[in-house]
Amino acid sequence: MKDYQVIWRGPVLDATGYGTASREYALALDRQGVDVKIETYTWNFPFTIEDREKKEWLQQLIEKPASNNKPKILIYHSPPAIIDKKERAQYEYCLLNTVWETNKIPESWKTILQTFDAVCVPCTHNIKALKKSGVSVPVFLVPHGADTAMYDPANPPASLSLEEERFVFVSVFDFQHRKNPESLLRAYWEAFTSNDQVLLVIKTYGSSRKEIRSAINNYKRKLGFGENTAPLYVMTGICEEKQLKGLYTAGDAFVLPTRGEGVGLPFIEALSSGLPVIATGWGGQMDFLNEKNSFLVKYKLESPSISFENAISTTYPSFAEKGQLWAEADIEHLKQQMRYAFMNPKLCKQKGAQGRQDMLKMTWENAGMAMIKAIERLIRR
(Lines give C-alpha, C1' and ligand atoms only; values in the text may rest on other atoms or scores of the structure.)
Protein backbone atom coordinates (compact mmCIF):
# COMPACT_ATOMS: atom_id res chain seq x y z
CA MET A 1 0.00 0.00 0.00
CA LYS A 2 1.31 3.46 -0.91
CA ASP A 3 2.14 5.86 1.93
CA TYR A 4 -0.43 8.40 0.73
CA GLN A 5 -4.16 8.38 0.08
CA VAL A 6 -5.73 9.48 -3.19
CA ILE A 7 -9.07 11.24 -2.92
CA TRP A 8 -10.57 10.58 -6.35
CA ARG A 9 -13.26 13.17 -7.10
CA GLY A 10 -15.14 12.22 -10.26
CA PRO A 11 -18.54 11.27 -11.77
CA VAL A 12 -17.94 7.55 -11.28
CA LEU A 13 -21.63 6.62 -11.49
CA ASP A 14 -22.42 8.58 -14.67
CA ALA A 15 -23.00 7.24 -18.19
CA THR A 16 -20.68 9.77 -19.81
CA GLY A 17 -17.14 9.62 -21.14
CA TYR A 18 -15.93 11.26 -17.94
CA GLY A 19 -17.97 8.72 -15.95
CA THR A 20 -16.48 5.69 -17.72
CA ALA A 21 -12.94 7.00 -17.40
CA SER A 22 -13.45 8.02 -13.77
CA ARG A 23 -14.59 4.52 -12.78
CA GLU A 24 -11.71 2.84 -14.54
CA TYR A 25 -8.96 5.18 -13.33
CA ALA A 26 -10.07 4.86 -9.70
CA LEU A 27 -10.36 1.07 -9.83
CA ALA A 28 -7.01 0.74 -11.61
CA LEU A 29 -5.31 2.75 -8.86
CA ASP A 30 -6.95 0.59 -6.18
CA ARG A 31 -5.86 -2.63 -7.93
CA GLN A 32 -2.28 -1.40 -7.93
CA GLY A 33 -2.07 -0.83 -4.22
CA VAL A 34 -3.03 2.83 -3.96
CA ASP A 35 -5.21 3.79 -0.99
CA VAL A 36 -8.18 5.29 -2.88
CA LYS A 37 -11.29 6.99 -1.56
CA ILE A 38 -13.90 8.16 -4.09
CA GLU A 39 -15.81 11.41 -3.76
CA THR A 40 -18.47 11.24 -6.43
CA TYR A 41 -20.47 13.95 -8.17
CA THR A 42 -22.95 13.64 -11.05
CA TRP A 43 -24.12 15.36 -14.25
CA ASN A 44 -27.43 13.49 -13.98
CA PHE A 45 -26.77 10.83 -16.60
CA PRO A 46 -26.95 7.78 -14.28
CA PHE A 47 -25.33 4.56 -15.44
CA THR A 48 -26.62 1.08 -14.58
CA ILE A 49 -23.58 -1.07 -13.78
CA GLU A 50 -24.40 -4.68 -14.65
CA ASP A 51 -21.26 -6.09 -13.04
CA ARG A 52 -22.35 -6.54 -9.40
CA GLU A 53 -18.79 -6.99 -8.18
CA LYS A 54 -17.66 -3.74 -9.80
CA LYS A 55 -20.72 -1.92 -8.46
CA GLU A 56 -20.03 -3.10 -4.89
CA TRP A 57 -16.33 -2.30 -5.26
CA LEU A 58 -17.09 1.29 -6.29
CA GLN A 59 -19.57 1.66 -3.43
CA GLN A 60 -16.95 0.47 -0.94
CA LEU A 61 -14.51 3.11 -2.21
CA ILE A 62 -17.23 5.77 -1.99
CA GLU A 63 -18.07 4.82 1.61
CA LYS A 64 -14.42 4.45 2.63
CA PRO A 65 -13.31 7.02 5.24
CA ALA A 66 -10.63 9.57 4.55
CA SER A 67 -7.31 8.79 6.19
CA ASN A 68 -6.21 10.76 9.25
CA ASN A 69 -2.59 9.57 9.23
CA LYS A 70 -1.53 9.74 5.58
CA PRO A 71 -0.87 12.68 3.28
CA LYS A 72 -3.92 13.12 1.04
CA ILE A 73 -3.70 13.80 -2.68
CA LEU A 74 -6.77 15.13 -4.45
CA ILE A 75 -7.24 14.08 -8.06
CA TYR A 76 -10.13 16.11 -9.42
CA HIS A 77 -11.47 14.44 -12.58
CA SER A 78 -13.47 17.24 -14.11
CA PRO A 79 -13.42 20.27 -16.37
CA PRO A 80 -11.42 22.94 -14.50
CA ALA A 81 -13.07 23.86 -11.19
CA ILE A 82 -11.87 26.30 -8.57
CA ILE A 83 -10.82 24.91 -5.19
CA ASP A 84 -10.85 27.53 -2.43
CA LYS A 85 -7.91 27.99 -0.09
CA LYS A 86 -9.66 26.37 2.87
CA GLU A 87 -10.33 23.16 0.96
CA ARG A 88 -6.92 23.29 -0.72
CA ALA A 89 -5.26 23.21 2.71
CA GLN A 90 -6.71 19.73 3.36
CA TYR A 91 -4.48 18.14 0.71
CA GLU A 92 -0.77 17.68 0.28
CA TYR A 93 -1.17 17.99 -3.48
CA CYS A 94 -4.04 18.73 -5.88
CA LEU A 95 -4.02 17.35 -9.42
CA LEU A 96 -6.57 18.15 -12.07
CA ASN A 97 -7.36 15.31 -14.47
CA THR A 98 -9.09 16.96 -17.42
CA VAL A 99 -9.46 17.08 -21.19
CA TRP A 100 -10.01 19.61 -23.96
CA GLU A 101 -10.74 19.27 -27.67
CA THR A 102 -9.39 22.24 -29.67
CA ASN A 103 -5.86 23.48 -30.33
CA LYS A 104 -5.74 25.69 -27.19
CA ILE A 105 -7.59 25.89 -23.88
CA PRO A 106 -10.14 28.64 -23.14
CA GLU A 107 -8.67 31.80 -21.60
CA SER A 108 -10.64 31.26 -18.38
CA TRP A 109 -8.98 27.87 -17.86
CA LYS A 110 -5.40 29.08 -17.58
CA THR A 111 -5.79 30.84 -14.22
CA ILE A 112 -7.68 27.87 -12.76
CA LEU A 113 -5.11 25.33 -13.96
CA GLN A 114 -2.33 27.35 -12.35
CA THR A 115 -3.96 26.84 -8.92
CA PHE A 116 -3.33 23.07 -9.14
CA ASP A 117 0.03 21.44 -8.47
CA ALA A 118 -0.18 19.54 -11.77
CA VAL A 119 -2.52 18.66 -14.61
CA CYS A 120 -3.08 15.19 -16.11
CA VAL A 121 -4.43 14.85 -19.65
CA PRO A 122 -5.16 11.73 -21.72
CA CYS A 123 -3.53 12.55 -25.08
CA THR A 124 -0.57 14.23 -26.75
CA HIS A 125 -3.08 16.52 -28.50
CA ASN A 126 -3.87 17.99 -25.06
CA ILE A 127 -0.21 18.25 -24.07
CA LYS A 128 0.39 20.48 -27.11
CA ALA A 129 -2.73 22.57 -26.42
CA LEU A 130 -1.77 23.26 -22.80
CA LYS A 131 1.82 24.15 -23.68
CA LYS A 132 0.61 26.42 -26.51
CA SER A 133 -1.73 28.13 -24.02
CA GLY A 134 1.13 28.93 -21.64
CA VAL A 135 0.27 26.57 -18.76
CA SER A 136 3.37 26.44 -16.56
CA VAL A 137 2.46 23.85 -13.91
CA PRO A 138 3.62 20.27 -14.67
CA VAL A 139 1.49 18.51 -17.27
CA PHE A 140 1.47 14.69 -17.32
CA LEU A 141 0.24 12.33 -20.02
CA VAL A 142 -2.10 9.71 -18.53
CA PRO A 143 -3.85 7.90 -21.41
CA HIS A 144 -7.18 6.13 -21.17
CA GLY A 145 -7.42 2.37 -21.39
CA ALA A 146 -9.69 -0.01 -23.28
CA ASP A 147 -12.14 -2.34 -21.56
CA THR A 148 -11.62 -5.27 -23.92
CA ALA A 149 -13.45 -7.64 -21.58
CA MET A 150 -16.65 -5.61 -21.77
CA TYR A 151 -16.31 -4.64 -25.44
CA ASP A 152 -15.59 -7.88 -27.27
CA PRO A 153 -16.27 -9.07 -30.85
CA ALA A 154 -17.99 -12.12 -29.31
CA ASN A 155 -20.75 -10.04 -27.67
CA PRO A 156 -24.22 -10.98 -29.03
CA PRO A 157 -25.29 -8.30 -31.54
CA ALA A 158 -28.25 -6.08 -30.77
CA SER A 159 -31.39 -6.74 -32.79
CA LEU A 160 -32.05 -3.94 -35.26
CA SER A 161 -35.19 -5.51 -36.78
CA LEU A 162 -33.73 -5.70 -40.28
CA GLU A 163 -35.63 -7.59 -42.95
CA GLU A 164 -32.51 -8.25 -44.99
CA GLU A 165 -28.75 -8.26 -44.66
CA ARG A 166 -27.30 -4.75 -44.65
CA PHE A 167 -23.94 -3.09 -44.09
CA VAL A 168 -24.39 -1.29 -40.78
CA PHE A 169 -22.62 1.95 -39.87
CA VAL A 170 -22.69 2.67 -36.12
CA SER A 171 -22.20 6.11 -34.56
CA VAL A 172 -22.24 6.83 -30.81
CA PHE A 173 -21.99 10.41 -29.55
CA ASP A 174 -23.36 13.16 -27.32
CA PHE A 175 -25.76 15.30 -29.39
CA GLN A 176 -23.56 18.37 -29.57
CA HIS A 177 -22.06 20.42 -32.38
CA ARG A 178 -18.47 19.31 -31.71
CA LYS A 179 -19.38 15.74 -32.68
CA ASN A 180 -20.43 16.99 -36.15
CA PRO A 181 -23.78 15.24 -36.71
CA GLU A 182 -24.31 17.65 -39.64
CA SER A 183 -21.49 16.21 -41.75
CA LEU A 184 -22.29 12.64 -40.72
CA LEU A 185 -25.92 12.88 -41.83
CA ARG A 186 -25.21 14.85 -44.99
CA ALA A 187 -22.44 12.47 -46.10
CA TYR A 188 -24.63 9.43 -45.47
CA TRP A 189 -27.63 10.85 -47.32
CA GLU A 190 -25.46 11.92 -50.27
CA ALA A 191 -23.37 8.74 -50.46
CA PHE A 192 -26.24 6.24 -50.27
CA THR A 193 -29.84 5.85 -51.36
CA SER A 194 -32.65 3.49 -50.46
CA ASN A 195 -31.34 1.17 -53.20
CA ASP A 196 -28.17 0.46 -51.19
CA GLN A 197 -28.15 -2.38 -48.66
CA VAL A 198 -26.95 -0.09 -45.90
CA LEU A 199 -28.09 1.31 -42.54
CA LEU A 200 -26.79 4.08 -40.27
CA VAL A 201 -27.48 3.53 -36.57
CA ILE A 202 -27.03 6.60 -34.37
CA LYS A 203 -26.93 6.22 -30.59
CA THR A 204 -27.02 9.67 -28.98
CA TYR A 205 -28.07 11.52 -25.85
CA GLY A 206 -27.95 14.98 -24.29
CA SER A 207 -31.28 16.31 -25.62
CA SER A 208 -34.76 14.81 -25.54
CA ARG A 209 -35.82 12.17 -28.05
CA LYS A 210 -38.30 14.64 -29.56
CA GLU A 211 -35.69 17.42 -29.91
CA ILE A 212 -33.12 15.13 -31.53
CA ARG A 213 -35.54 13.60 -34.03
CA SER A 214 -36.96 17.03 -34.86
CA ALA A 215 -33.47 18.46 -35.43
CA ILE A 216 -32.54 15.59 -37.77
CA ASN A 217 -35.80 15.77 -39.73
CA ASN A 218 -35.60 19.56 -40.10
CA TYR A 219 -31.99 19.29 -41.30
CA LYS A 220 -32.99 16.67 -43.85
CA ARG A 221 -35.70 18.95 -45.23
CA LYS A 222 -33.31 21.90 -45.25
CA LEU A 223 -30.85 19.93 -47.38
CA GLY A 224 -33.65 18.98 -49.77
CA PHE A 225 -33.58 15.21 -49.33
CA GLY A 226 -36.77 13.27 -50.05
CA GLU A 227 -37.90 9.73 -49.38
CA ASN A 228 -35.19 8.04 -51.44
CA THR A 229 -32.51 8.31 -48.75
CA ALA A 230 -30.86 5.30 -47.13
CA PRO A 231 -32.48 4.25 -43.83
CA LEU A 232 -31.54 5.79 -40.51
CA TYR A 233 -32.11 4.22 -37.07
CA VAL A 234 -31.85 6.66 -34.15
CA MET A 235 -31.55 5.60 -30.51
CA THR A 236 -31.72 8.29 -27.83
CA GLY A 237 -31.09 8.46 -24.11
CA ILE A 238 -28.97 6.21 -21.91
CA CYS A 239 -29.11 2.53 -22.81
CA GLU A 240 -28.19 -0.52 -20.76
CA GLU A 241 -24.67 -1.91 -20.87
CA LYS A 242 -25.78 -5.08 -22.69
CA GLN A 243 -27.52 -3.08 -25.41
CA LEU A 244 -24.52 -0.78 -25.94
CA LYS A 245 -22.12 -3.73 -26.25
CA GLY A 246 -24.43 -5.41 -28.76
CA LEU A 247 -24.81 -2.23 -30.77
CA TYR A 248 -21.12 -2.28 -31.68
CA THR A 249 -21.11 -5.96 -32.65
CA ALA A 250 -24.24 -5.41 -34.79
CA GLY A 251 -22.19 -3.01 -36.93
CA ASP A 252 -19.68 -3.36 -39.74
CA ALA A 253 -17.94 0.00 -39.27
CA PHE A 254 -18.00 2.86 -36.78
CA VAL A 255 -18.23 6.40 -38.18
CA LEU A 256 -17.91 9.81 -36.54
CA PRO A 257 -16.47 12.86 -38.38
CA THR A 258 -15.79 14.62 -35.08
CA ARG A 259 -14.45 18.16 -35.03
CA GLY A 260 -12.31 17.56 -31.96
CA GLU A 261 -11.73 14.92 -29.26
CA GLY A 262 -9.73 14.68 -26.10
CA VAL A 263 -9.86 10.90 -26.44
CA GLY A 264 -13.02 9.61 -28.12
CA LEU A 265 -14.05 6.63 -25.96
CA PRO A 266 -16.56 5.34 -28.56
CA PHE A 267 -13.62 4.90 -30.94
CA ILE A 268 -11.90 2.73 -28.31
CA GLU A 269 -15.10 0.79 -27.67
CA ALA A 270 -15.63 0.21 -31.40
CA LEU A 271 -12.07 -0.99 -32.01
CA SER A 272 -12.27 -3.23 -28.94
CA SER A 273 -15.44 -4.73 -30.46
CA GLY A 274 -13.66 -5.45 -33.75
CA LEU A 275 -15.08 -2.54 -35.77
CA PRO A 276 -12.89 -0.36 -37.97
CA VAL A 277 -13.30 3.38 -37.43
CA ILE A 278 -14.08 6.09 -39.99
CA ALA A 279 -13.00 9.34 -38.34
CA THR A 280 -11.47 12.76 -38.83
CA GLY A 281 -7.69 12.47 -38.83
CA TRP A 282 -7.09 15.12 -36.14
CA GLY A 283 -7.55 15.17 -32.38
CA GLY A 284 -6.82 13.09 -29.29
CA GLN A 285 -7.96 9.91 -31.06
CA MET A 286 -4.87 10.06 -33.27
CA ASP A 287 -2.82 8.58 -30.42
CA PHE A 288 -4.40 5.22 -31.32
CA LEU A 289 -6.14 5.55 -34.71
CA ASN A 290 -4.07 4.81 -37.81
CA GLU A 291 -4.43 3.57 -41.38
CA LYS A 292 -4.21 -0.06 -40.26
CA ASN A 293 -7.28 0.08 -38.01
CA SER A 294 -9.21 3.00 -39.48
CA PHE A 295 -10.38 4.91 -42.55
CA LEU A 296 -9.09 8.41 -41.78
CA VAL A 297 -10.87 11.44 -43.22
CA LYS A 298 -9.11 14.53 -44.54
CA TYR A 299 -9.85 17.84 -42.85
CA LYS A 300 -9.02 21.52 -42.61
CA LEU A 301 -8.46 23.47 -39.40
CA GLU A 302 -10.83 26.38 -38.92
CA SER A 303 -12.49 28.50 -36.26
CA PRO A 304 -15.36 26.65 -34.56
CA SER A 305 -17.53 29.77 -34.90
CA ILE A 306 -17.70 29.27 -38.69
CA SER A 307 -19.92 26.21 -38.41
CA PHE A 308 -21.99 27.39 -35.42
CA GLU A 309 -24.53 29.03 -37.71
CA ASN A 310 -25.56 25.69 -39.26
CA ALA A 311 -25.48 23.65 -36.04
CA ILE A 312 -28.36 21.24 -35.44
CA SER A 313 -27.24 20.26 -31.94
CA THR A 314 -26.00 21.90 -28.73
CA THR A 315 -23.28 24.53 -29.13
CA TYR A 316 -20.83 25.77 -26.48
CA PRO A 317 -19.54 29.37 -26.77
CA SER A 318 -16.16 28.51 -25.19
CA PHE A 319 -15.22 26.73 -28.42
CA ALA A 320 -15.65 29.96 -30.38
CA GLU A 321 -13.08 32.07 -28.51
CA LYS A 322 -10.52 33.95 -30.59
CA GLY A 323 -7.64 31.72 -31.66
CA GLN A 324 -9.52 28.44 -31.25
CA LEU A 325 -9.21 25.93 -34.09
CA TRP A 326 -10.64 22.48 -34.68
CA ALA A 327 -10.97 20.09 -37.62
CA GLU A 328 -13.73 20.35 -40.19
CA ALA A 329 -13.99 17.01 -42.01
CA ASP A 330 -13.87 17.04 -45.80
CA ILE A 331 -17.39 15.98 -46.79
CA GLU A 332 -16.38 14.50 -50.14
CA HIS A 333 -13.60 12.45 -48.59
CA LEU A 334 -15.92 11.30 -45.80
CA LYS A 335 -18.39 10.09 -48.44
CA GLN A 336 -15.59 8.30 -50.29
CA GLN A 337 -14.38 6.57 -47.13
CA MET A 338 -17.90 5.45 -46.22
CA ARG A 339 -18.50 4.11 -49.73
CA TYR A 340 -15.09 2.43 -49.72
CA ALA A 341 -15.84 0.69 -46.40
CA PHE A 342 -19.26 -0.35 -47.71
CA MET A 343 -17.76 -1.84 -50.88
CA ASN A 344 -14.96 -3.64 -48.99
CA PRO A 345 -16.41 -5.61 -46.04
CA LYS A 346 -13.39 -7.94 -45.91
CA LEU A 347 -11.06 -4.98 -45.49
CA CYS A 348 -13.34 -3.72 -42.71
CA LYS A 349 -12.94 -7.03 -40.90
CA GLN A 350 -9.16 -6.86 -41.32
CA LYS A 351 -8.97 -3.33 -39.95
CA GLY A 352 -11.37 -4.22 -37.14
CA ALA A 353 -9.25 -7.24 -36.17
CA GLN A 354 -6.16 -5.03 -36.09
CA GLY A 355 -8.04 -2.50 -33.95
CA ARG A 356 -8.93 -5.23 -31.48
CA GLN A 357 -5.27 -6.23 -31.20
CA ASP A 358 -4.25 -2.60 -30.72
CA MET A 359 -6.79 -2.14 -27.92
CA LEU A 360 -5.61 -5.27 -26.10
CA LYS A 361 -2.34 -3.37 -25.52
CA MET A 362 -4.12 -0.20 -24.35
CA THR A 363 -5.17 -1.28 -20.86
CA TRP A 364 -6.54 0.52 -17.81
CA GLU A 365 -3.71 -1.13 -15.87
CA ASN A 366 -1.30 0.94 -17.96
CA ALA A 367 -3.45 4.00 -17.33
CA GLY A 368 -3.27 3.37 -13.58
CA MET A 369 0.52 2.99 -13.74
CA ALA A 370 0.80 6.25 -15.67
CA MET A 371 -1.30 8.01 -13.02
CA ILE A 372 0.88 6.62 -10.21
CA LYS A 373 3.99 7.75 -12.08
CA ALA A 374 2.52 11.26 -12.38
CA ILE A 375 1.68 11.37 -8.66
CA GLU A 376 5.11 10.21 -7.59
CA ARG A 377 6.94 12.51 -10.00
CA LEU A 378 5.01 15.37 -8.46
CA ILE A 379 5.89 14.24 -4.93
CA ARG A 380 9.60 13.99 -5.85
CA ARG A 381 9.51 17.54 -7.18
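Where is the place of threonine 315? Threonine 315 is in the loop between helix 10 and strand 14, where helices (H or I, at least four residues) and strands (E, at least two) are DSSP runs numbered from the N terminus. At 32% relative accessibility threonine 315 counts as partly exposed, on a scale in which buried means under 20% relative accessible area, exposed means over 50% and partly exposed lies in between, with a 1.4 Å probe and protein chains only. From threonine 315 to serine 305 there are 10 residues in sequence and 9.7 Å in space, C-alpha to C-alpha.

The model is a predicted one, in which local features need pLDDT of at least 70 and side-chain atom pairs count only at pLDDT 80 or more, while totals for chains, interfaces and linings use all residues. Residues are numbered from 1 along each chain as its sequence is written, and side-chain values use heavy atoms, with hydrogens and water left out.

Helix 1 (17-31) can be followed next. Its 15 residues should span 21 Å at 1.5 Å a residue, and its end C-alpha atoms are 21 Å apart, which agrees; the expected span of a helix is 1.5 Å times one less than its number of residues. Because 11 of the 15 residues of helix 1 are buried, this helix is largely enclosed by the rest of the structure, and the buried residues include Tyr18, Arg23, Glu24 and Leu29. Helix 1 is followed by glycine 33, whose phi is positive, near 85 degrees. Valine 34, in the loop between helix 1 and strand 2, is buried, with a relative accessible area of 0%, and its C-alpha atom is separated by 21 Å from that of valine 139, 105 residues apart along the chain.

In the loop between strand 2 (35-40) and helix 2 (52-63) comes asparagine 44, which has a positive phi of about 65 degrees although it is not a glycine, and which counts as exposed at 63% relative accessibility. Asparagine 180 also has a positive phi, near 65 degrees, in a residue other than glycine, but asparagine 180 lies in the loop between strand 7 and helix 6 (181-191) and, at 0% relative accessibility, counts as buried.

Rings of Phe, Tyr and Trp (its six-membered ring) pair if their centres lie within 6.5 Å, and planes under 30 degrees apart count as stacked, over 60 as edge-to-face and the rest as tilted. Tyrosine 41 and tryptophan 43 form an edge-to-face pair, 5.6 Å centre to centre with 65 degrees between the planes, and tryptophan 43 is partly exposed, with a relative accessible area of 33%. Tyrosine 151 and tyrosine 248 form another edge-to-face pair, at 5.7 Å centre to centre and 85 degrees between the planes. Tyrosine 151 lies in the loop between strand 6 (139-141) and strand 7 (167-174) and tyrosine 248 in helix 8 (residues 241-249), so the pair ties together parts that are 97 residues apart in sequence; both tyrosines are buried. Elsewhere, ring pairs link Trp100, Trp109, Tyr316, Phe319 and Trp326 into a cluster.

Helix 11 (residues 331-343) has 13 residues that should span 18 Å at 1.5 Å a residue, and its end C-alpha atoms are 18 Å apart, which agrees. At the start of helix 11, a side-chain oxygen of aspartate 330 reaches to within 3.0 Å of the backbone nitrogen of glutamate 332. The buried residues of helix 11 include Ile331, His333, Lys335 and Phe342.

Ile331 is also among the residues that lie nearest the centre of the second largest pocket, together with Ser183, Arg186, Arg259 and Glu328, out of 18 lining residues. Elements that give two or more residues to this lining are helix 6, helix 7 (209-223), strand 13 (299-302), helix 10 (305-308) and strand 14 (326-329). A pocket is found on a 1 Å grid over the protein atoms alone, as an open set of points where a 1.4 Å probe fits, with protein on both sides within 12 Å along at least five of seven lines, and its lining residues have an atom within 4 Å of a point.

Methods:
A polar contact is a pair of N or O atoms within 3.5 Å; within protein, one must be able to donate a hydrogen and the other to accept it, and residues adjacent in sequence count only if both atoms are side-chain atoms.
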